Amino acid sequence: MRRPSEIGGREAMKSNRNMSRAEGRRLENVALIAFMLGSLVLLSLFRPRFSPTGKTGEAIKAAEQQAMRKESVRMETLDIADEAAALVAEEEEETQPKPSDNSSSTALAADHHLRLSKPVCYESSRRSDTCEATGDVRVQGRVQTIHVSPLEQEWKVKPYCRKHDAFALAHVKEWALRPLHGDAPRCTINSSATAFVLSTGGFTGNLFHDYTDVLIPAFITAHRYAGEVQFLVSSFKSWWTTKYLEIIQLLSKHEVVDIDDDHEVRCYPSVVVGPTFHKELGMDASKTPAGSSMVDFRAMLRSAFGLERATATPSGDRWDIRRRPRLLIISRRSSRRFVNEHAMVDMAMSLGFDVRVGDPDMSTDVSKFARLVNSADVMVGVHGAGLTNMVFLPAGAVLIQVVPYGGLEWLARGTFKEPSPDMQIHYLEYMIQVDETTLSEDYPKDDPVLKDPYSIHKQGWDALKSVYLDKQNVKPHLGRLKNTFMEALKLLPHGRQSD
């Protein structure tokens with residue numbers, strides 16, 4: 001309610017008291033209605049995801065309209081007060097500061113900057129530490145130092161998502177955020193983008209770790225900025241950056257910098273040091289600023305590598321080979337090889353599969369192999385990094401993980417089984433039995449390796465890995481494997497198409 005003017009004294013206050021009360025009630029009602037309508041308008045502007053490529057104008061409008069057609073806006077508007085209270089409670093529980101959702105990606109980034117009133121380093125997950133700072137930010141890459149104002153204390157962080165793994169972090173350089181003083185270096189390059197410091201040290205070069213430790217966390221962290229973010233890569237590997245450049249270019253409109261070898265003083269309005277990890281080969285959409293999920297990440301991959309198939313549906317042409325479901329066997333050269341791979345191919349062909357065999361390694365052209373995987377309806381392989389290529393499978397495809405002998409169900413579950421649903425991929429397992437492993441040829445029947453695998457587990461990871469991952473090849477029973485392939489066929493739409 002408004003206060004009456006103090007000029008005129010108590011008599012004026014008495015004569016206007018009744019009018020003020022009535023007017024106040026009307027104003028309160030009008031204000032409440034305006035607040036509710038304004039809140040509904042703001043809620044209607046929420047988007048399920050934001051473009052990572054920095055589109056503007058008509059392109060943004062078209063993308064937004066398409067996104068609205070494809071996804072329903074899941075939010076309750078029955079009680080705005082309760083909704084606001086819930087959002088406040090969520091923000092208080094989260095350790096990670098989040099920007100507000102907004103229909104404008106630029107406004108989203110700006111709001112994110114404004115809400116960070118001071119630099120902060122925090123545990124963004126059990127596997128990652130992240131620092132976010134705004135203000136006068138000056139990056140000296142060659143000494144791994146970031147000068148920031150305002151900043152009250154020094155912070156140190158290793159920008160890689162395996163913070164409890166001493167071996168991995170031994171190959172990751174530590175970065176320091178320090179208060180900016182009068183003798184701080186002067187800027188030689190200025191940018192209006194957000195600086196993003198991350199490392200390609202650790203276990204990069206292994207496909208699973210490339211995605212789990214770096215690429216997916218980078219997407220979680222950088223996607224919100226709609227391209228207005230610059231990747232400053234520590235422990236830089238030129239071959240690695242070249243390999244995944246198509247992905248990075250969809251997240252950033254700026255050049256990638258080998259920051260450890262950089263002699264410039266780069267100045268930014270804000271910086272993020274260290275990507276945020278959620279889970280193995282995945283992300284939690286409820287924790288991402290714009291509700292981004294693995295569906296969005298996979299859509300970005302299709303755009304980056306020109307993948308044609310979003311879903312595992314057969315061709316409408318009855319004479320097209322694509323009417324036959326395609327099965328891709330992920331072959332291995334060293335341990336955990338399929339000893340009877342050729343027989344597996346023949347058996348799968350007898351079921352009507354169009355069979356392909358892929359043998360990815362570190363030198364494999366990502367774009368070319370991604371197109372092969374995207375053409376498949378079923379992908380089968382022994383547990384290993386090669387199964388990470390599941391990120392390229394179309395939605396509705398089937399992943400069959402062949403789990404080596406030795407009580408490794410827990411390892412198979414955490415790495416590829418649990419990520420499958422978020423990618424909209426069907427998952428099947430084939431468990432290798434003792435008579436299907438080459439370990440039965442190398443050890444006596446009563447040896448603990450065959451008789452009591454968990455006694456080997458108790459000796460630690462190195463012992464487990466040495467025996468069950470490094471020394472084992474497999475020979476699946478074709479009859480049992482045939483049943484698994486037939487189960488996969490039932491999950492595909494091909495068998496339901498009329499001839």
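**Disulfides and burial**

Reply: The torsion about the S-S bond of Cys187 and Cys267 is about -95 degrees, so this disulfide is left-handed. Cys187 lies in the loop between strand 5 (175-179) and strand 6 (189-190), and Cys267 in strand 10 (residues 265-273), so the pair ties together parts 80 residues apart in sequence. Strands here are DSSP runs of E with at least two residues, numbered from the N terminus. The model is predicted: local features need pLDDT of at least 70, side-chain atom pairs count only at pLDDT 80 or more, and totals for chains, interfaces and linings use all residues. Residues are numbered from 1 along each chain as its sequence is written, and side-chain values use heavy atoms, without hydrogens and water.

Me: Why is the pair Cys187 and Cys267 called a disulfide?

Reply: A disulfide is a pair of cysteine sulfur atoms within 2.5 Å. The sulfur atoms of Cys187 and Cys267 are 1.9 Å apart, so the pair qualifies.

Me: What makes Cys187 count as partly exposed?

Reply: Buried means under 20% relative accessible area, exposed over 50%, and partly exposed in between (1.4 Å probe, protein chains only). Cys187 has 31% relative accessibility, so Cys187 counts as partly exposed.

Me: How do you know that Cys267 is buried?

Reply: Its relative accessible area is 5%, so Cys267 is buried. Cys161, at 0%, is also buried.

Me: Why is the disulfide of Cys121 and Cys131 called right-handed?

Reply: The torsion about their S-S bond is about 110 degrees, so the disulfide is right-handed.

Key:
Helices (H or I, at least four residues) and strands (E, at least two) are DSSP runs, numbered from the N terminus.
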